[in-house]
Amino acid sequence: MQTEFLIQIKDLKASIDNKEILKGLSLEVKPGEIHAIMGPNGSGKSTLANVLTGREIATVTAGTVTFEGKNLLEMSPEERAREGIFLSFQYPIEIPGVSMVNFMKTAINEQRKHRGLEPLSASEFLRQMREKKELVEIDSALTNRSVNEGFSGGEKKKNEIFQMAMLEPRLALLDETDSGLDIDALRIVANGVNKIRRPDTSVIVITHYQRLLDYIVPDFVHVLYDGRIVKSGGPELALKLEERGYDWIRKEAEVSEETWTTDRK
Amino acid sequence: MDYRPEVINRLTELWETRDEGLLKGSPDIYNRYRAEAFSEFLRLGIPDRKNEAYKYTNLEKSFGYKYEKYFSPVPGDFREAEKFHCEVQDLDVWNMVLLNGFLPKGDEGLAMLPGGLWVGSMKAAARQFPSLVEKHYNKYAQNENDGLVPLNTALASDGLFLYAPKNTVYTKPIQIVNLLHSTQDIFAQDRNLLVVEDGAQMSLLVCDHAISPQHYLTNTVTEVYVGRNARFEIIRVQNQHNDSGKITHTFIHQERDSFASSNNITLHGGLVRNATWHRLNGENAETHSYGLFLADKHQHIANFVKVDHAAPNCNSTQLFKGVLDDNASGAFNGRIMVHKDAQKTNAFQSSNSIIMSDTARMDTKPQLEIYADDVKCSHGATVGQLDENALFYLRSRGIDAKEAKLMLMFGFAHDVIKNIPIEALRERIDNLVLQRLRGELSRCASCAIQCN
Ligand SMILES: Nc1ncnc2c1ncn2[C@@H]1O[C@H](COP(=O)(O)OP(=O)(O)OP(=O)(O)O)[C@@H](O)[C@H]1O
Ligand SMILES: [Mg+2]
């Protein structure tokens, strides 16, 4: 029987250089749900994204992550990607000399191979490139260049979402995709995400600002504070944070050391 | 024990019997320099690591070997050579094959290509253009503490001559395929002269191959004159084997408003040392020195560059990259010299290497000598591993680790390849590099001879 969750994170602990960053984090996401994670700088949001995608900066010391019933933590980064996990990087990497076209072609065909499909024909690949470029209104000049090389901050973020459109993930982690985008680009990118999403695509949106959530409307909002999710609620929680900051969360968290979990069960 | 006295004895014997032997019938224009050059060679010797310019390069592996044949043609093999097709084929080029440093039809006259460009052997050039050869021959080569240059001047018996008279523009690249092919172990020397007169243009592709498994050593000296407002490009693709040594000395002399670029792509070779000298002799000239090498096993690849800014308002760049695996070693020695009057000089140098194993090593040594005060000079060198963040980025999109590494190495290498001025060639070389990185490139790939 299929589990009802797409991803299930249980009591996850992770350290960087023996310093515990994630201190028992739990989160469950069903197919098609959108979860927003907010939280102060340094609270561990990107570390969570790294742990979920298999970047070895952080070491997992406890807890489990199950993705479509499989043990995610055992998989290599590329296996996770082929299973359908996608991270829009907070800081996309520039890769001089590797062309966007070659990069995307290789990525797509590796994914197709994993699913037992033939490689895309050149014309079909180009058709998809064209279609997805339009979706995020990314300039053709950019996709003719090397991966992220010399892209502006906003262009890099658009390029992340373009890749998401090409790869059509099951679970997208958007780590501050809104930062660095101007007002128009924010709308384009956010609407792009909405268009890419299928009914069963899940999204975890990491953001500091309510603005993005006006477009990508979350089902749940969580506050990550000092390595734990200390509060969860609906979209109204994001509005409250925008208005009042994290001070009140800090006070609450210090009052009770207990772990917060989603209260929907 | 020093291997060199024995080698020098052997070469001295050759020198003493030269007139009956390998230099029989050699033109006087070349002969008049030989005696002095040979004593210069004896004075300087075979460079060792005490020589700054060879600090990281040990020549013993190639020079210590006892070859069966020195500096002379092996005529019987020319028929074989004609059959050879270089990897970089199907290009719209004018093509010529040299065997062990000699032209197949060495003693025929020079050929004139459409557009008025002359090509042929040095011997023929001395007969047909004596005053031109006299004006340029041995005028740009510098010994500067390197005995291998005078060794070539003393004992090289022939080589390639290319001449683009004033304002001639030959739009196709000229491809020279240098084959090493014989049943004997050979030490070959070729001496080449390229003259690109005022307003003329020439682009030259030189492919170095060793197509039979013997031991080879080649010591090549090439002098290039680039006149006012002239343009010259040379691309070398070196694909030899682990028992072959290749030493090149290329001297590019540029007059005002000229442009030159040199691109050394070393895919394979046991011991390779490319020395490229650029002299900016007139104002407003531009010169570029590029290099890429891929080394593994016990290969050693060295690049030596000297850019001599002798006139004001000139620009130069040096960009060298290498990927080293296994026990391979590499060296980059890049010199920039800015003379007192060479104001408003722009000189840029960069050397970047990627080390793929714990036992590979790379040494870099930039040397800047600046005597002018209004100068922009920059240099940088990096030796490192593949960028972990970039590797993760590729993997996070589903690309497996091995393929991702390959893509990064290729991307790293492409930075040099992209400067090759001929598009079709750029693509071919991209391909060769990719094959080499995948371990699929052998010296026998698409060779028509099929010697084994
Ligand atoms: N590579 C690293 N080496 C050492 N410490 C690190 C490293 N990466 C993250 N950290 C530390 O881990 C903690 C959590 O960082 P993380 O990037 O997950 O925070 P974040 O919630 O994403 O913050 P922000 O909102 O600023 O992006 C911080 O204290 C940070 O300094
Ligand atoms: Mg972060």
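The following dialogue goes through some terms used for this predicted model.

Visitor: What makes S46(A) and Q90(A) the residues that coordinate the magnesium ion (ligand 2)?

Guide: A donor must be an N, O or S atom within 2.8 Å of the metal. The OG of S46(A) and the OE1 of Q90(A) are at 2.0 to 2.2 Å from the magnesium ion, so they count as donors.

Visitor: Where in chain A do S46(A) and Q90(A) lie?

Guide: S46(A) is in helix 1 (residues 45–53), and Q90(A) is in the loop between strand 6 (85–88) and strand 7 (95–99). The pair therefore ties together parts that are 44 residues apart in sequence.

Visitor: Why is Q90(A) called buried?

Guide: Buried means under 20% relative accessible area. Q90(A) has 16% relative accessibility, so Q90(A) counts as buried.

Visitor: Why does S46(A) count as partly exposed?

Guide: Partly exposed covers the range between the buried cut-off, under 20%, and the exposed one, over 50%. S46(A) has 23% relative accessibility, so S46(A) counts as partly exposed.

Visitor: How do you know that T47(A) makes a polar contact with ligand 1?

Guide: The pair of N or O atoms must lie within 3.5 Å. An oxygen atom of ligand 1 is 2.5 Å from an N or O atom in the side chain of T47(A), so the pair qualifies. The side chain of Q90(A) has such an atom 3.1 Å from an oxygen atom of ligand 1, and for the side chain of E176(A) the value is 3.3 Å.

Visitor: How much of ligand 1 does the protein bury?

Guide: Ligand 1 taken alone exposes 640 Å², and the protein buries 64% of that.

Visitor: Which elements give two or more residues to the shell around ligand 1?

Guide: They are strand 2 (19–29) and helix 1 of chain A. Helix 1 gives the most, with three residues. In total, 15 residues surround ligand 1, and G42(A), K45(A), S46(A), T47(A) and H208(A) are the closest. By class, the shell has four nonpolar, eight polar and three charged residues.

Visitor: What makes strand 11 (residues 244–254) of chain B mostly covered?

Guide: Eleven of its eleven residues are buried. Residues pointing one way include S244(B) and K246(B), those pointing the other way include G245(B) and I247(B), and all are buried.

Visitor: How do you know that strand 9 (residues 216–226) and strand 11 of chain B pair?

Guide: Pairing requires at least two bridges. Eleven bridges join these parallel strands, so they pair. One of the bridge partners is H253(B), for Y225(B).

How values were computed. Residues are numbered from 1 along each chain as its sequence is written. Chains are lettered from A and ligands numbered from 1 in the order in which they are written. This is a predicted model: local features need pLDDT of at least 70, side-chain atom pairs count only at pLDDT 80 or more; totals for chains, interfaces and linings use all residues. Side-chain values use heavy atoms; hydrogens and water are left out. Donors are N, O and S atoms within 2.8 Å of the metal (3.2 Å for Na, K and Ca); water is not among the atoms, so sites may look incomplete. Helices (H or I, at least four residues) and strands (E, at least two) are DSSP runs, numbered from the N terminus. Buried means under 20% relative accessible area, exposed over 50%, partly exposed in between (1.4 Å probe, protein chains only). A residue is near a molecule or strand if one of its heavy atoms lies within 4 Å of it. A polar contact is a pair of N or O atoms within 3.5 Å; within protein, one must be able to donate a hydrogen and the other to accept it, and residues adjacent in sequence count only if both atoms are side-chain atoms. Accessible areas come from the Shrake-Rupley method with a 1.4 Å probe; for residues, only the protein chains shown count as cover. Ala, Val, Leu, Ile, Met, Phe, Trp, Tyr, Cys and Pro count as nonpolar, Asp, Glu, Lys and Arg as charged, and the others, Gly among them, as polar.
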